[in-house]
Amino acid sequence: MRWGDRLGEVLERGVQQVDEAGRPRVVAHVLAQPAQGQAGVAAAELVRAWLAAAEHRPLLRLWAEAYARPLVEPGGSWAGFARATVDDWLDVLAACRPRPERDGPEGAVRRTLALAVLRGALLDLLATDDEQRVTAAVHRHLEMLRRGGGDGA
């Protein structure tokens, strides 16, 4: 089954996975599907394309709301969700790297930068629906990584 088909199932059922407190953990799980078997910039580009797809925006708006909730109510029922989401995304990006790069401090810095760009682009896209501008910005960032000898996440 293709990951895009799996997304349809997720949207129909609402949330596929929940953490121990019953909060949704679906985004990183679904994002892992397109990135599987890819490395660095290629994986980041596949994740970017998935995030930019218009049909995924309802799920991603739900994610954005859940991500922001513990920032406003740190002790509320969503406490820890934003942190867990960051860890989920970093795990997805780490899985795209060979073990020596994944385990070193430089790998953690590269994954954090890739996450910051992808998450910022996602929030911008959700706020503006300006897919062309946001996609161009992410492509520029990935191209700078390629030219600079870095291989992305």
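1. A cavity, as the word is used here, is a set of points on a 1 Å grid over the protein atoms alone where a 1.4 Å probe fits but cannot get out. By that criterion the structure holds four cavities of 30 Å³ or more. The model is a predicted one.

2. Overall make-up. The protein chain contains eight helices and zero strands, so that, by the DSSP runs used to assign elements, the order from the N terminus on is α-α-α-α-α-α-α-α. Of its 153 residues, 40% count as buried. The accessible surface of the chain comes to about 8100 Å², and carbon and sulfur atoms account for 54% of that surface.

3. Contact range. Taking contacts in the protein chain between residues at least 6 apart in sequence, 57% join residues at least 24 apart.

4. Nonpolar core. The largest nonpolar core has 27 residues. The members that touch the most other members are Leu51, Leu60, Trp63, Trp89, Leu118, Leu122 and Leu142. Two or more core residues come from each of helix 3 (40–52), helix 4, helix 5 (81–94), helix 7 (105–128) and helix 8 (131–147). Helix 7 gives the largest share of this core, with seven residues.

5. Largest cavity. About 80 Å³ of space lies in the largest cavity. Its lining consists of Arg48, Leu51, Ala52, Leu118, Ala121, Leu122, Leu125, Glu131, Val134, Thr135 and Val138. At least two lining residues are supplied by each of helix 3, helix 7 and helix 8. Sorted by class, the lining has eight nonpolar, one polar and two charged residues.

6. Arg57. Where does Arg57 sit? Its place is in helix 4, which covers residues 57–72. Is Arg57 buried or exposed? Arg57 is buried, because its relative accessible area is 8% and the cut-off for buried is under 20%.

7. Surroundings of Arg57. Leaving aside neighbours within four places in sequence, Arg57 is in contact with Ala52, Leu125, Leu126, Asp129 and Glu131.

Terms used
Residues are numbered from 1 along each chain as its sequence is written. This is a predicted model: local features need pLDDT of at least 70, side-chain atom pairs count only at pLDDT 80 or more; totals for chains, interfaces and linings use all residues. Side-chain values use heavy atoms; hydrogens and water are left out. Helices (H or I, at least four residues) and strands (E, at least two) are DSSP runs, numbered from the N terminus. Buried means under 20% relative accessible area, exposed over 50%, partly exposed in between (1.4 Å probe, protein chains only). Contact means heavy atoms within 4.5 Å. A nonpolar core is a set of buried Ala, Val, Leu, Ile, Met, Phe, Trp, Tyr and Cys residues joined through side-chain atoms within 4.5 Å. On a 1 Å grid over the protein atoms alone, a cavity is a set of points where a 1.4 Å probe fits but cannot get out, and a pocket is an open set with protein on both sides within 12 Å along at least five of seven lines; lining residues have an atom within 4 Å of a point. Grid points are joined across faces, edges and corners, and a volume is the space filled by probe spheres set on the points. Ala, Val, Leu, Ile, Met, Phe, Trp, Tyr, Cys and Pro count as nonpolar, Asp, Glu, Lys and Arg as charged, and the others, Gly among them, as polar. Accessible areas come from the Shrake-Rupley method with a 1.4 Å probe; for residues, only the protein chains shown count as cover.
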